[in-house]
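Me: I am new to this structure. Please walk me through it in short questions and answers.

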Amino acid sequence: MSGAVAMNAGVQSPLALGWLRLKQNPMAIGAAMVTLLIVAAAVLAPIIAPQDPNEADLFRRLQPPVWLGGEWAFPLGCDALGRDILSRLIYGARISILVGALVVLIASVVGILAGLAAGYLGGWVDRVITGLVDILLGFPYLIFAIGLMAMMGAGFQNIVLALVYKEWVVPCRIVRGETLAAREQEYVEAARALGASRGHVMLREILPNILSPVIVVATVRMAHVIILEASLSFLGLGVQPPTASWGSMVSEGREFLLDAWWVSTFPGIAILVLVMAINVFSQGLRDAFDPRMQE
Amino acid sequence: MTDASRTPLLEVRGLTTIFPTRAGPARVVDDVSFHVDEGECLGVVGESGSGKSITFLSVLGLVRPPGKVSAERMMFAGQDLLALGERARRAIRGRDIAITMQDALTALNPALTVATQITEVMLAHDRAGSMDEARAAAVEMMRLVGIPAAAKRLDDYPHQFSGGMRQRIMIATALACRPRLLIADEPTTALDVTIQAQVLELIAELRRELRMSVVLITHDLGVVVEQADRIMVMYAGQVVEEGAAREVIEDAAHPYTAGLLASMPSLDTLDRPIHPIRGQAPMPGPMPPLCRFLDRCERTTEACRKSVPLQPIGGGRASRCVWAEEVAHG
């Protein structure tokens, strides 16, 4: 296998080479598959969920999982309103993944543009952007998000916004730093000498060279954002009931932890598994794509 | 045609580029005047830090703040470069005046294919209507600079080419729009001797073929002797000597040029020892109003302790030395 990599090294783009290295990392591939499985479950929720996630029936209140005397129709048991936990988990994955992906995507686009502008243009543009970044860094993330949610009100759109407001700082700082290094490279000077505009230099010359650390960090941040969303939902500031979200499910079960541990535990495990899978995968990405990790 | 009736392609007068340093403003290009005629090759010689590259970056408008560029006159093909806005200056770069950077190994973008890098210049300057047209032209350019199997290698990345090939590709990107003036900044520094000769021959050939003017920036007098029509020698930001290439080489009229020549090994005079110039070029910074070569010169006298202007010494030549006549004929 490694022989094949060496032979192909002559005819592959850096991206293709990284992909080749990634494919040889079993941990990363395993983690990617777990993540994909959860994503697939979220996408296919209406088809694969055994029950309606919002159908309550007080006769099933706190019904235990099937191996503790429950019934097969509700394999992981029911919550305090008698709703099927497995179905709620499957639907809850949609919120976690959608919030994670959207926040990281929007924050990356904003952060990349701001970071490029700050790093390449310098001057007052840089001072304004770094000033803003420093101010935002001064707030603890969760407190900042709680404050914003309190002002804007709960709801899916507001969670995404509240998290993006702070999340863009992360890619922005990375991109700014990488841009500061890249702008001194001779190929940037060469592009300018051939008549390239500033926008062209930033987006077409510098960006392709600094993209891989941004992508790697974006995946780590996705795990982070998923936890934040769960925390907000846990505090009741997330998606509003009855919509299922893992964070609110943990919260709903905490009164019954001693009698009906399954209500909180399963969504907790779901958060743990998803976040860990994403983290392991992004570790693999870093090993494969970060040029500084090579050799 | 007499000199007076001929308008040069590029004419620069009184070009000064200043960078602030801790010690005060450094005039890294100090009152430099020169011209490049149509189809001519001007050799610019000087050691590292003498201001050769920055002179031409200044002409192109590529000096970034805090560097400050000023000039009395800067004309290119009848256009006043000083009067042009940034957008118009940019349109000239790459299309009419192209520059190849010192180090071909780093001057190509590692993340883009060669095709992208050559076609982008053409598309940016509207020299190609479509991507297909641009790619066809890129293949032609790569063939022109002597890259074997050009069509096949179009979508390769820079790291898949050898040093000499990368230098050729950089020349291809610079020539993509058929500029009227090519500024070749140390085109051979990163290459070994056999490849050096090939690249120089290539530039000479393209110059004839595309009828363009060339400015050849180098610290290697040997390179200049073979290629250039005229030579401009720079030292510490100033032009210290200029004239027809052969005359300057045979008969240097400034001690610095003479020193450069004496420090060059030659096959004809293997028995003669090489004479390095003693001392070091001054650090950039504010300079006293003295001859800048003063403390390295072997002819220093009281008469040298003043600011020496660049003076014509006949035959289209000029020297910035009090003892020009004596140096040339002594």
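Me: Which residues does B:L216 touch, not counting residues up to four places away in sequence?
Reply: This is a predicted model. Close sequence neighbours of B:L216, up to four places away, are not counted. The residues that B:L216 then touches are B:C41, B:G43, B:V44, B:A184, B:V223, B:V224, B:Q227 and B:A228.

Me: How many residues on the side of chain B that touches chain A are nonpolar?
Reply: The contact takes 17 residues from chain A and 25 residues from chain B. Elements of chain B that give two or more residues to this side include α4 (114–124) and α7 (163–175). The residues on the chain B side include 6 polar and 4 charged. The nonpolar ones number 15.

Me: Is B:G315 buried or exposed?
Reply: B:G315 sits in the loop between β12 (311–314) and β13 (317–319) of chain B. B:G315 has 11 inside 10 Å, so B:G315 counts as exposed.

Me: What separates the C-alpha atoms of B:G315 and B:A244?
Reply: Leaving aside neighbours within four places in sequence, B:G315 is in contact with B:G243 and B:E247. B:A244 is 71 residues apart from B:G315 along the chain. Their C-alpha atoms are separated by 8.5 Å.

Technical notes:
Residues numbered from 1 in each chain as written. Chains lettered and ligands numbered in written order. Predicted model: local features only at pLDDT ≥ 70, side-chain atom pairs only at ≥ 80, totals over all residues. Contact = placed C-beta atoms within 7 Å. Helix = DSSP H or I, 4+ residues; strand = E, 2+ residues; numbered from the N terminus. Nonpolar A, V, L, I, M, F, W, Y, C, P; charged D, E, K, R; others polar. Buried ≥ 20, exposed ≤ 12 C-beta atoms within 10 Å, placed from the backbone.
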